[in-house]
Amino acid sequence: MAVTALIDAGAIRQLRHHRSRHRLRVGLTLGAVLLVAFALAMVLGDYPVPLPDLLGALLSPLTGVAHPGIDFIVLNVRLPRAVLAVLSGAAFGLSGSIFQTLLRNPLASPDIIGISQGASAAAVFCIIVLGWSGTPLALGALAGALLTALTVYALAWRDGVSPYRVVLIGIAIAAILSACIAYLFTRARLTQVQEALTWLVGSLNAAGTTQIGPLALALVVLVPAALLLSRALFVLQLGDDTARALGARVELTRLGLMLTGVALAAFATAAVGPVAFVAFVAGPIARQLLGAGRPVLLPAMLVGAITMLGADLLAQHALPATQLPVGVVTGLFGALFLIWLLISANRAGNL
Amino acid sequence: MDRRVSLLAALVFALMAVLLLSLTLGARPVPLSMVWTALTAFDPGVIDHTVIIDLRLPRTLLGLGVGAALGLAGAVLQGATRNPLADPSILGIHAGASFFVVLGITLFGLTDLRHYIWLAFAGAALATIGVYAVASIGRDGPSPIKLALAGAAITAALTSVVSAILLTQPTTLDQFRFWQVGALAGRDMDVVIQVAPFLLVGIVLALALGRTLDGLYMDEAVAKGLGQRTGLGRAMAGLAAIILAGAATAAVGPIAFVGLTVPHLARSITGPAYRWILPFAMLLGPILLLAADVVGRLVAPPGEVQVGIVTALIGAPFFIALIRRRKLAEL
Amino acid sequence: MTTAHTLAAQGLSLGYDDRDIVTGLDFAVPQGKLTVIIGANASGKSTLLRGLSRLLAPRAGTVLLNGKSIHALSTRQVATIMGVLPQSPTAPEGILVADLVARGRYPHQGWFRRPSHDDDLAVAAALAATDMADFADQPVDALSGGQRQRVWIAMALAQGTDLLLLDEPTTFLDIHHQVEVLDLLTDLVRSAGRTVVVVLHDLNLACRYADHIVAMKEGRLVAEGAPSAVVTEALVAEVFNLAARVVPDPVSGTPLIVPIGRHHAGDTAAQP
């Protein structure tokens, strides 16, 4: 009996290693794709920058060799934009994946608890009523998102929080906020409405340190927090009772993860607006690539970053004369994704 | 059984009271006696009479018809899709109507609601048909989950395109932002006459679906075992919802939340039988909508707050209260 | 050599929302024995198990683990001493059998979660014991109800605890596997000295395997003790509302409950 168990222990270890090697392979591939997308984002544009020049520009702060025109385009325009895309995409992707795993629902997304509407309503208010822009606007949007999340959670609390109740109350709060936005739209000047609408659709146009800084800081804090909590998430997936039986602090972990997910979505939305669907698609795509069965937090970050970069590339270069905001492309992409979900799940007999 | 009948009668009285309030109240209050004279012995020279006939009457009638339509459409959809969170926007009705309206304003330079009302209806209908078609991919036809996914997909796509157009066409945005709020004001009797036939047909069709919906709410296999033609039932329900919600949205713009909350309200009074939920929804809808309209008139004189905004601001807290008291159907 | 742990309830009252299910119950789990809790539906058996295993907070009274209140200990500490398999565990979509069983090692792993050789050994032993070793790399979704149940039991086994509480672990199993699981639990008690508490539906299997049987009715503990002492026709009538004959089992000598229905009962047919 002991010998058989020993042999099987080796088999178990082999199985484990095989799976983690697969995960590593997928992770490295995603990383490579991200790098390629990042390079494309720097190279393409009205003024295509050849690769050697690109490298020269990136290294110019160190080497001191400067080509003013190229350096400006690369360092002041394209680099911040690409970095913002990667950071916000990663934040959205991680947030969405956290919500989907917590709520045990692959169709969950931070939008459903009203965070994007909270940020949007606050931003529209700041733009139209207070005339803000730039950093104050981003802070206002952040405050709106966090306040909304708190309100939804507080209203949903009744001897603990049931995910279903959170969703329902999120829908109600979102309706109130959407009505406020619509009302402001009818009372403002057209130019203000245009400015607000641009923010609402979500764009990477105003990429600078004011957007990147806070988001980067937030990620530095929140990503490790999410990874720490993901350990308990492994057993939380098995149901509350089983998780408790295995020694996990269920309510605390859930609260921590929700806070992290909300904060990630709030910071990302404050930086780039409520870009549709990135939070929603990153998790399922990551799960598809890695095989389901465990939380896919880090890979979802990579997928989110790639999605945001890719969508922005399309948004800038797909139509000859116009530059679309990235939110329009992610919306269309999200629609295609939902249809793919419908077809593939239908084929697998899950619907 | 008796209780529900007497409640229904009470609701009818409440509706009549709200109708009268809608006719008399506003930035310019008109006494009841004047309302009566305006309706029976109309004199175009008397300002109060014009206010009643040209402004308040169409507005009230629209509130009545659209409220009933939205309440019924929501109830029908929730029953047919077995989804307590369904409301007309889930089938892409709002997105489709918005898309065609935006196209109409941009491509044809339409400026009058009476002209793009047909576009809105067509857009709503086409979007719903598209959703139904996408949801029918594969075997088993359009199941509730597939309908929800297809609806979300089409809504996402159309919303993106609409945003793109609005961002690049400022004049369109300038018109559209008023339509998209949903208002009973600014519509005259022409609009009422245009949509009335559709609303009536839709209401009759919806009310006839009571038994079918009770059957659909059961498990698919059980329903088929009882001889229900589930495919046909769901199709008829979809048709009723398109007609009702499409016409309503075309007439007054997209009004959120009425279609979602009214069926829940009705269900909390009547219990789960759709034979009862439908008539209650038909009465609660206009009561809620007209009450919201009246509030909108009184809250910011001399201006108004559009009814689409008031319904969300009143309806949502009410919905939250219902949720907290666990009065809603669990999934 | 496992340390002996004791589990007991004192004046325990448990309930949900505004209903009280169990009131003022005193019960000491016999150490190193296989205890089976029986009772009709809604008699409180599952509730009692949930209360004992700390899944349900008591309304009154305490649960004592090694003489100290169980709620004074940290969840992780309790999880290294007591393993629980609740009634309807959920598995995330697509998870593999070996992965699910490995999660049972959670209470023993540190923050950085590198699975050790001991963990692999525990997982392998648990899979072997539940006859699921061949399925280690299969997704749990692809298994039958009975196979899935055995994977969950393997997870509880992999947890390697001295105390093991299982809520109706044999529900979906065919008779072959029901007997296998109960034999396995008996092995754990006899050879490894563990303490096992099981809620069972099947009265006869309960009598066969239990060292100590606990009968519940309407939230009260009606009788407890060795099956041959406790399970009488009167008890069966009281707890299950069933007219039956109780005879010695021809294989094991434990009580065998033979129901008397309205048909097929010869001249002992129950009166209508």
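Is B:F257 buried or exposed, and how many other C-beta atoms lie within 10 Å? B:F257 is buried, with 29 other C-beta atoms within 10 Å. This is a predicted model, in which local features need pLDDT of at least 70, side-chain atom pairs count only at pLDDT 80 or more, and totals for chains, interfaces and linings use all residues. Residues are numbered from 1 along each chain as its sequence is written, and chains are lettered from A and ligands numbered from 1 in the order in which they are written.

View 1. B:F257, a residue other than glycine, has a positive phi near 85°. Its place is the loop between α11 (230–252) and α12 (258–270) of chain B; helices (H or I, at least four residues) and strands (E, at least two) are DSSP runs, numbered from the N terminus. In chain C, E168 is likewise not a glycine: C:E168 has a positive phi of about 50°. The loop that holds C:E168 runs between β7 (163–167) and α6 (175–192) of chain C. C:E168 counts as buried, with 20 C-beta neighbours inside 10 Å. A residue is buried if 20 or more other C-beta atoms lie within 10 Å of its own, exposed if 12 or fewer, and partly exposed in between, with C-beta atoms placed from the backbone.

**View 2. Helix α1 of chain C.** This helix spans residues 45–52 and is mostly covered, with eight of its eight residues buried. Among them are C:K45, C:R50 and C:G51, as well as C:L48, C:L49 and C:L52. Just after α1(C), C:R54 takes a positive phi of about 70°.

**View 3. The largest nonpolar core around B:L72.** A nonpolar core is a set of buried Ala, Val, Leu, Ile, Met, Phe, Trp, Tyr and Cys residues joined through C-beta atoms within 7 Å. The largest has 328 residues, of which A:A266, B:A69, B:L72, B:V76, B:L244 and C:V101 touch the most other members. Leaving aside neighbours within four places in sequence, B:L72 is in contact (C-beta atoms, placed from the backbone, within 7 Å) with B:I203, B:A206, B:L244, B:L278, B:A281 and B:M282. Another core, of five residues, lies apart from it and includes B:L23, B:V35, B:V51 and B:I52.

**View 4. Chain B against chain A.** Here 43 residues of chain B are in contact with 41 residues of chain A. On the chain B side, α6 (144–168), α7 (170–179) and α14 (307–324) each supply at least two residues. The most come from α6(B), which gives 16 residues. The chain B side divides into 30 nonpolar, nine polar and four charged residues. Ala, Val, Leu, Ile, Met, Phe, Trp, Tyr, Cys and Pro count as nonpolar, Asp, Glu, Lys and Arg as charged, and the others, Gly among them, as polar.

**View 5. Chain A against chain C.** In this pair, 26 residues of chain A are in contact with 38 residues of chain C. Helices α1 (2–43), α8 (209–236) and α9 (240–245) of chain A each supply at least two residues of the side that touches chain C. Of that side, α1(A) gives the most, with nine residues. Its residues divide into twelve nonpolar, seven polar and seven charged. Chain A itself has 13 helices and zero strands.

Note on methods. Contact = placed C-beta atoms within 7 Å.
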